[in-house]
Every structure is written in C-alpha cells, then in structure tokens.
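Morning, everyone. I'll be quick.

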2 protein chains.
Amino acid sequence: MPKSRDAASDTALKLSNQLCFAVYSTALAFNAVYKPLLERLGLTYPQYLAMLALWEQDDVPVKEIGRLLHLDSGTLTPLLKRLETAGLVTRTRHREDERQVRITLTAAGRALREQAKAVPLGIFEACGLSTPTLLKLKDELITLRERLDAAAP
Amino acid sequence: MPKSRDAASDTALKLSNQLCFAVYSTALAFNAVYKPLLERLGLTYPQYLAMLALWEQDDVPVKEIGRLLHLDSGTLTPLLKRLETAGLVTRTRHREDERQVRITLTAAGRALREQAKAVPLGIFEACGLSTPTLLKLKDELITLRERLDAAAP
DNA sequence: AATAATTATTTTGTGAACAATTTAATTGCG
DNA sequence: CGCAATTAAATTGTTCACAAAATAATTATT
C-alpha cells in the first residue's frame, strides 16, 4: 500500500515546513512585542542585541559581535554605524591590527543600560508562559539551531 | 536579602531575552538551509510561503495571504509583484469588490509545485531531530506566538 | 442621497539580512 | 625577503518587514 506510506511521510515532511514557519512567525511576533519597548531606547531589536553584547564585553571587534549574534559584517557595519550616529558607540581601527574595527561604548551607551533593564520584564510578561517552559523551549531551539548550522552549506 | 532575590529574578528575566534570541537566530539558520533548496525554484523563503498558501487555495485576495502568513500588504505587495514578474501568479482587481486584488496561479505557478515537493525532505534532514520532537516544538512555538500576538499592541 | 467611516491595497522611507565583490592589512611559505 | 593566501571590514545590490501616509472603493449613518 504505497498510498498510506506516502501519506505518512507526507505528514512528517510537511511538519518541517510547519516548524520553520512557526519559528519564522514567532520571531516576527517577538519583534512586534519588543518594538514599543525598544522604541523608548531608540533601538531596533538587532541594535539591542548588539548593545547587550557590548554591555557584557566592551571594546570588541566587529567580527566578535558577528560571532555572538550570528550576523556578518555586511549586516553589522551599517547597524554599528547607526549606533555610532546615535552616539552610543565609537568605531576605531585597532592599532595592533589595522584590519579590525573595535567597537567601544560611549558614556551614553553605558548609561542606556539602566533604561534597558525594564525591557526583559515586559517580554517575560508578554510570553505568558512559566519559566521552566521557556527554559526548555530555549534549549530545544538552540539544539535545533546547532543542527541547522551543521547542515548548512 | 534583596541581593539573592534580585539575582533570581534577573536570571528569569534574562531568559526571555535568551529565548527571543534563540527564536531569532533559529529563524536565520532555517533561512540559510532553505536558501539553496529554494534557489533552484527561483524563490525566496517568504515567496515560497506565499506559493504554499496558493497551492492550498488559489485565487485569494492579498489580505487572505497576509492573514495566513502574518504579513501586511506593505510586505506582500512588492513580493507578489515579483512572483508576477516571474510568471508564477497574476494580480487582478476583483470585479465584485474593486478594492481587492486577487492572486491567481499561472500554469507555471501550478507546475512549480512538483519541483517544490523535494524541499521538505531537505529541511527535515537538516533539522536532525525526531518527528515527535519537531511536532512538540512546533506546537509550543505556536502557543508562544499566540501569547505574543495577544500581548502586542 | 450626501457624507462620514471603514476597508483593501499601494506607496514611501527606514532598517535589517545576506551574497558577492572590493579594499586593505596580516600571515604563511618557499 | 617577496609574493601568495588569508583575514577583517566595507560596499553594492536584492529582498524582506513594517510604520505611516496616500489612494480608491465600499459600507454605514444621518
């Protein structure tokens, strides 16, 4: 009975499409929740991620931010220039290796951290799920992402 | 001991940041896996989503595609114009309600479905996880997305 | 019936995201 | 040493994603 076997594998295969769409649309939904919270800080979500990275470790090369955020320089260069224009970071060629551009927080960039402390609570409340549930979901997504990264060309 | 209480809530709050980043970066990783598979079809991932919707139900207004994909017309109008330029769909004002633009598959658009059948297997393999795991993850993400949608302004 | 309110789509402007190419600096190797 | 290979950023061009405003058609209201 090839018909039923096809139907079963069809269902299994459709699932990967559905999972990807679930991830895609959840990412958009997260962005919609972050947007009003971050608007007060004058940041977009990717800019917020870059600031989070810099609040953890300051004076890092573009490459390192890219490694942390899984983004390439083609995305980060203009993003970091916008943060520079906003007066939150400085971009300077590294003396010891002129290929690198080091990103450093300004006083305003460091000061923004205080205001940003209000953001996670807003997100947590919007998720409306228990801490253990969120933790498990996060770990499973990271596992999935690692598999996808490994499979990518 | 306010210090330990702060530390505990801090950890819980950081989690929502981490979960969002997990969703965000997994969406990018999925896209990287889809890209070479969809390139053969001449589609991007959002275009593929639109085609999937049309293969399920043809001759629908832009609004309906937006409802299914959680995208607004500002995103869809240019995307659908590109599909039209590629010869996969036609865009025509609806006679009964001239506000609507109905999207209809061309013969080439319908024919592309055959080639697209190879895509889900590639994705499934790249996920590298069992069907039950993927199913559970998908359902949890949809629950999360619904909560986020409800919380969004 | 005239007009106000609503609805569907398009347009405009901003900011990602990434492939591919370019530029410039450093490292490696014969 | 000298030149090839590598590395880090920046640039260019295409495609999302969405807010806000504009356009045009339909429906509701007085």
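I'll go through how the chains relate, and then some aromatic rings. Keep in mind that this is a predicted model.

Start with the symmetry. In general, a rotation about an axis and a shift along it relate two copies of a chain. Here, chain B is superposed on chain A by a rotation of 180°. The shift along the axis is 0.0 Å, and the RMSD is 0.0 Å. The two copies are therefore related as by a two-fold rotation axis.

Which residue of chain B comes closest to that axis? That's B:Val23, with its C-alpha at 3.1 Å.

Now the interface. Of the interface residues of chain B, 100% are also interface residues in chain A. So the copies meet through the same surface.

On to the rings. Over all chains, the structure holds 12 aromatic pairs. Take A:Tyr45 and A:Tyr48. Their pair is tilted, with 40° between the planes and 6.3 Å centre to centre. Both sit in helix α2 of chain A, residues 45–56. They are three residues apart there, so about one helical turn separates them. Are these two tyrosines, A:Tyr45 and A:Tyr48, buried or exposed? Both are buried.

A:Tyr45 also pairs with B:Tyr24. This pair is edge-to-face: 80° between the planes, 5.4 Å centre to centre. A:Tyr45 is in helix α2 of chain A, while B:Tyr24 is in helix α1 of chain B, residues 2–39, so this pair joins two chains. B:Tyr24 is buried, as is A:Tyr45.

Last, a cluster. One aromatic cluster is formed by A:Phe21, A:Tyr24, B:Phe30, B:Tyr34, B:Tyr45 and B:Tyr48. Find those rings on your screen. Thanks.

Conventions: Residues numbered from 1 in each chain as written. Chains lettered and ligands numbered in written order. Predicted model: local features only at pLDDT ≥ 70, side-chain atom pairs only at ≥ 80, totals over all residues. Heavy atoms only, no water. Least-squares fit on C-alpha atoms with pLDDT ≥ 70 in both. Contact = heavy atoms within 4.5 Å. Phe/Tyr/Trp six-rings, centres within 6.5 Å; stacked < 30°, edge-to-face > 60°. Helix = DSSP H or I, 4+ residues; strand = E, 2+ residues; numbered from the N terminus. Buried < 20%, exposed > 50% of the residue type's maximum accessible area, 1.4 Å probe, protein only.
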